Amino acid sequence: MAQISQQALETAVQQYRDPYLGKDLYELGAVKSLTADDSGKVTVMIELPYPSKGIAGALKELLTNALDDVEGVEGVDVHVGQKIHSHKGQKDIQSVPGVKNIIAVASGKGGVGKSTTAVNLALALQAEGARVGILDADIYGPSIGMMLGVPEGKRPDTRENKYFVPMEAHGLQANSMAFVVTDKTPMVWRGPMVSGAVMQLLQQTLWNELDYLILDMPPGTGDIQLTIAQKVPVNGAVIVTTPQDIALLDGKKGIEMFRKVDISVLGVVENMSVHICSNCGHEEPLFGHGGGERIAEEYDTTLLGQLPLHLTIREQTDGGTPSVVAEPDSEVARRYKDIARRVGAELSTRERNLTGSISSVSVTEH
């Protein structure tokens with residue numbers, strides 16, 4: 001049997017360019033091994049730096065086909081995995097135990113579907129292979145519990161009368177002010193009390209080895225939002241907007257706020273980009289067209305994706321089973337998963353936190 005050329009194998013693998021990072025697998029450092037045995041069997045080990053379960057099958061097929069064309073190859077075995085690294089947040093802010101990365105999902109104004117996007121993004125990151133949690137930082141209008149189907153009145157367990165054990169819903173670790181107060185409790189708090197409550201929920205929850213914690217920010221760009229952004233070790237932010245001009249103006253304010261406190265904006269999600277008629281399937285851009293793309297271009301960031309205005313998204317989320325888990329193979333779920341991969345890929349390009357692994361809080365069981 002002819003000797004298989006290692007250079008030919010590497011050239012075949014190098015043909016594949018990652019669709020989210022725009023680089024080949026060698027540029028990404030994703031090829032962990034590429035070997036051929038005496039029988040002509042080739043084995044390649046790939047490790048991507050972002051949640052990528054949804055593209056693993058296509059990647060295997062493409063690499064298999066490319067390597068099959070190399071002279072002497074009698075069989076190909078492709079293994080695709082992922083390793084999520086911890087990345088740096090703002091300077092001089094201590095990391096949260098048990099959490100590698102915190103991604104803030106924010107909007108310049110209310111009513112653009114920020115919380116719906118945050119919940120589905122968290123579930124999509126999980127579907128793509130990551131360990132994910134979500135913290136509802138919208139103190140005045142906490143809705144994550146309802147969206148995740150957590151029964152009203154259910155309370156988190158505590159440890160040592162100090163730490164919360166996060167709720168688990170659809171596989172996510174979750175905590176929210178809604179879990180510790182009733183829905184009839186008026187939150188008539190001033191800014192410092194609100195940011196203090198968010199920090200307490202964040203730091204006193206026993207997050208368990210999360211790759212990502214999604215922080216559902218309060219809507220707006222006032223003092224409360226700025227204070228939270230300054231105190232929480234956020235690794236990247238996602239801005240949710242709609243195509244209409246007033247929402248875009250507020251979305252720009254959100255980007256400016258995060259940049260003011262040295263938080264990297266990973267990109268923009270354009271929600272309600274097109275209305276899909278539930279009867280005939282006709283699509284119509286009710287709120288305008290191309291707004292998300294314009295704001296992403298203006299601020300030199302990424303348009304992470306566009307989501308439709310569709311009745312089922314609202315119904316599924318209000319019912320406690322968001323679209324990504326209610327219909328995981330639907331077009332809407334596919335869009336959320338594509339956004340999740342883009343978010344993970346964008347964050348993977350930021351500077352890594354090399355101070356060591358993120359340790360968890362140790363508590364004593366009684």
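## A salt bridge between Glu-128 and Arg-341

In this predicted model, the side chains of Glu-128 and Arg-341 form a salt bridge, with N and O 3.0 Å apart. A salt bridge is counted here when a side-chain nitrogen of Lys or Arg lies within 4 Å of a carboxyl oxygen of Asp or Glu. Side chains of opposite charge can pair when their charged atoms come close. Glu-128 belongs to the loop between α3 and β5 (132-136), whereas Arg-341 belongs to helix α11 (residues 331-348), so the pair ties together parts that are 213 residues apart in sequence. Helices (H or I, at least four residues) and strands (E, at least two) are DSSP runs, numbered from the N terminus.

Glu-128 is buried, with a relative accessible area of 2%, and Arg-341 is buried as well, at 9%. The term buried means under 20% relative accessible area, exposed means over 50%, and partly exposed lies in between (1.4 Å probe, protein chains only).

Which residues are linked with Glu-128 in a network of salt bridges? The network joins Glu-128, Asp-338, Arg-341 and Arg-342. Arg-341 meets Asp-338 in a salt bridge of 4.0 Å, N to O; these two residues are three residues apart in helix α11, and about one helical turn therefore separates them. Asp-338 also forms a salt bridge with Arg-342, the closest N and O atoms being 3.1 Å apart. Asp-338 and Arg-342 are four residues apart in helix α11, about one turn of the helix.

Asp-338 counts as buried at 17% relative accessibility, while Arg-342 is partly exposed at 28%. By the rule stated above, the count comes to 13 salt bridges.

The unreviewed UniProt entry carries the annotation "binding site" for Gly-108, Lys-109, Gly-110, Gly-111, Val-112, Gly-113, Lys-114 and Ser-115. UniProt positions follow the numbering used here, feature names are shortened, and annotations may be inferred rather than shown by experiment. Gly-110 lies in the loop between β4 (99-106) and α3 (114-127) and is partly exposed, with a relative accessible area of 38%.

Ser-115 is placed in helix α3 and is buried, with a relative accessible area of 10%. Leaving aside residues up to four places away in sequence, Ser-115 touches Ser-143, Ile-144, Met-147 and Asp-216; contact means heavy atoms within 4.5 Å. Thr-116 is also in helix α3 and counts as buried at 18% relative accessibility. With the same exclusion of residues up to four places away in sequence, Thr-116 touches Met-147, Ile-313, Thr-317 and Tyr-336.

## A sheet of three strands

Three strands form an open sheet in the order β1-β2-β3, with mixed pairing. β1 (31-36) and β3 (75-82) stand at the edges with a single partner strand each, so one side of each has no neighbour in the sheet. Two strands pair if DSSP finds at least two bridges between them. Strand β2 (residues 41-48) pairs with β3 in the parallel sense over eight bridges, and Leu-48 stands opposite Gln-82 in β3.

Helix α1 (residues 6-14) lies across β1 and β2, at about 135 degrees to β1. Helix α2 (residues 53-68) lies across β2 and β3, at about 150 degrees to β3. Axes are lines fitted to C-alpha atoms, for helices over the stretch in contact, and angles run from 0 to 180 degrees between N-to-C directions.

## Basis of the values

Residues are numbered from 1 along each chain as its sequence is written, and side-chain values use heavy atoms, leaving out hydrogens and water. In this predicted model, local features need pLDDT of at least 70 and side-chain atom pairs count only at pLDDT 80 or more, whereas totals for chains, interfaces and linings use all residues.
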